[in-house]
Amino acid sequence: MRIYTLKREQVLPISLENAWEFFSTPLNLNEITPDDLKFEILTKGLEGEKMYPGMIINYKVSPFAGIKFRWTTEISQVKTQEYFVDEQRFGPYAFWHHKHFFEEVEGGVKIIDIVDYGLPFGFLGKIAHALFVKGKLKHIFDFRHEILAKEFGIDKK
C-alpha cells in the first residue's frame, strides 16, 4: 500500500488558547467540513466535550458519488495547546493518521495539518487517488482554510 501525505498550514490572527478551544471541540468539525460530504457525527453526548486520548468518534460521510461510509476515529494523542492526533479505526481508507499542530507565531497561531493516508484495493486505489481522492482531500482542506479565515479574521499565509 502506498502512503500519501497532505500537509497544510494556515496562520490565524487568534490566540493559542482560542485556537485550541475551537479545534479540540469535536462538534466544531461540522463547521469546517464542506456540505457536499454530507458529514454527520453519530456519537452522542459530545456537547461540551474536549478531545482526550482514547476518545472514539463515529461519523457518516459521503465523499464519493453519494456513497455513504461510516467512519470511526480515535483521538490517539493529545498534548494540550500543542497537538492532537486522530486515527481512523474503521472507514473508507486503509490507513489514516492526521496530526494537528498548533504553534504561536507573530500575530497569531500557525495551524499545521499533516495527513498520512493509504487507500485499499492496490492498483485500483492508486487510480482512485489520481482520479478523485487527492482532489477531494484538496477540496476539503481548501474549504477549511476559507471557513477558518472567515471565522477568525484575515489569513496571514
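Start at the largest pocket and select strand 4 (67-79) and helix 2 (122-152), each of which supplies at least two residues of the pocket lining. A pocket here, on a 1 Å grid over the protein atoms alone, is an open set of points with protein on both sides within 12 Å along at least five of seven lines, and lining residues have an atom within 4 Å of a point. Helices (H or I, at least four residues) and strands (E, at least two) are DSSP runs, numbered from the N terminus.

Before going further: this is a predicted model, where local features need pLDDT of at least 70, side-chain atom pairs count only at pLDDT 80 or more, and totals for chains, interfaces and linings use all residues. Residues are numbered from 1 along each chain as its sequence is written, and side-chain values use heavy atoms, with hydrogens and water left out.

Back to the pocket. Its volume is about 210 Å³, counted as the space filled by probe spheres set on grid points that are joined across faces, edges and corners. Show F64, P92, P120, F121 and A128: of the 13 lining residues, these are the closest to the centre. Helix 2 gives the most to this lining, with 5 residues. Colour by residue class and you get 12 nonpolar, 1 polar and no charged. In that scheme Ala, Val, Leu, Ile, Met, Phe, Trp, Tyr, Cys and Pro are nonpolar, Asp, Glu, Lys and Arg are charged, and the others, Gly among them, are polar.

Next, go inside. Select L29, H98, H100, F141 and R144, which lie nearest the centre among the 38 residues of its lining. Helix 2 has the largest share of that lining too, 7 residues. The classes here are 24 nonpolar, 8 polar and 6 charged.

Now pick F23, Y93, F102, Y117 and V133. They have the most contacts inside the largest nonpolar core, which has 38 residues. Such a core is a set of buried Ala, Val, Leu, Ile, Met, Phe, Trp, Tyr and Cys residues joined through side-chain atoms within 4.5 Å. Buried means under 20% relative accessible area, exposed over 50%, and partly exposed in between (1.4 Å probe, protein chains only).

Zoom in on Y117. Leaving out residues up to four places away in sequence, Y117 touches a list that includes Y4, Y93, W96, H129 and V133; contact means heavy atoms within 4.5 Å.

Then select strand 3 (55-64). Why is strand 3 largely enclosed by the rest of the structure? Because 7 of its 10 residues are buried. Strand 3 is antiparallel to strand 2 (residues 40-41), with 2 bridges, and antiparallel to strand 4, with 8 bridges. Strands pair if DSSP finds at least two bridges between them. Click K60: E40 stands opposite K60, and K60 in turn stands opposite R70 in strand 4. Follow the chain to the hairpin of strands 3 and 4, with 2 residues between them, where A65 in the turn has a positive phi of about 50°.

Last stop: N28, in the loop between helix 1 and strand 2. Buried or exposed? N28 is buried, with a relative accessible area of 15%. Beyond residues up to four places away in sequence, N28 touches E21 and F22.

Note on methods. On a 1 Å grid over the protein atoms alone, a cavity is a set of points where a 1.4 Å probe fits but cannot get out, and a pocket is an open set with protein on both sides within 12 Å along at least five of seven lines; lining residues have an atom within 4 Å of a point.
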